[in-house]
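Let's take a friendly walk through this structure, one feature at a time. Have the viewer ready as you read.

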Amino acid sequence: MEMQRTAVLVKPDGLQRGLIGEIISRFERKGLKLVGLKMIRMSDEMLSDWYVEHKDKSFFQDLKEFMEQLPIVAMVWEGIDAVPVVRKLVGTTLGREAEGGSIRGDYGMSQQYNLIHASATAADAKREIAIVFHSNELFKYHSVIDSVIYADYEVKNAD
Ligand code: CMP
């Protein structure tokens, strides 16, 4: 149990589909805290860093071109075990097979056009957050609902 930050990108297809509000709303209702948010057009260089683990895959160039064609909405969400929690809400990569109730399961049919990216591990989250956000664009604040989202002992144990 660990207090974590995780990176989310709403991809160009999510922007075109008008799903920004729906996606933010799902994370808010879950009890995650929004600590960073921006709309940007990612450069080729940023995407090469972001998708470094896929650099030898056949779809790497297609993936970068798709991600470059329009702006994306990048967010950082915070919470206890936020990395696996957000991955679960997002669902598995292929929209056609993603579980109902997850974002990809409810809104997507595709593998490439899968609406959203979420960090796979805490180490990936750190690396990805640093690609898009400066430290002064990330916020630490007390949320008034924290005390009904977590029991005190959970917060203490997570620090
Ligand atoms: P994401 O979770 O952001 O991580 C890598 C992305 O590559 C993935 O979502 C998909 O958008 C895309 N992707 C994964 N596998 C394939 C594939 N076989 N063909 C095309 N795109 C893919």
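Is Tyr113 buried, partly exposed or exposed? This is a predicted model, and in it Tyr113 has a relative accessible area of 46%, so Tyr113 is partly exposed.

Now look for what sits beside that ring. The structure holds two aromatic pairs. In one of them, the rings of Phe66 and Tyr113 have their centres 4.8 Å apart. Their planes lie at 35°, so this pair counts as tilted; the tilted class falls between stacked, under 30 degrees, and edge-to-face, over 60. The pair links distant parts of the chain, since its members are 47 residues apart: Phe66 belongs to helix 4 (residues 60-68), while Tyr113 is in the loop between helix 6 (103-107) and strand 4 (116-118). Phe66 is buried, because its relative accessibility is 4% and the cut-off for buried is under 20%.

Two lysines also lie over aromatic rings. Lys33 is over the face of Tyr141, at 5.1 Å from the ring centre, and Lys38 is over the face of Phe133, at 5.3 Å from the ring centre.

Next, turn to helix 7 (residues 122-132), where the buried residues are Asp124, Ala125, Glu128, Ile129, Ile131 and Val132. Looking down the axis of helix 7, you will find these buried residues within an arc of 155°, so they line one face of the helix. An α-helix has 3.6 residues a turn, so residues three or four places apart point the same way. On the other side of helix 7, Ala123, Lys126 and Ala130 are exposed.

What covers the buried residues of helix 7? The cover includes strand 1 (3-10), strand 2 (33-40), helix 3 (44-50), strand 3 (72-80), helix 5 (82-90) and strand 4.

How values were computed:
Residues numbered from 1 in each chain as written. Predicted model: local features only at pLDDT ≥ 70, side-chain atom pairs only at ≥ 80, totals over all residues. Heavy atoms only, no water. Phe/Tyr/Trp six-rings, centres within 6.5 Å; stacked < 30°, edge-to-face > 60°. Helix = DSSP H or I, 4+ residues; strand = E, 2+ residues; numbered from the N terminus. Buried < 20%, exposed > 50% of the residue type's maximum accessible area, 1.4 Å probe, protein only. Lys NZ or Arg CZ within 6 Å of the ring centre and 35° of its normal. Arc of directions from axis to C-beta. Contact = heavy atoms within 4.5 Å.
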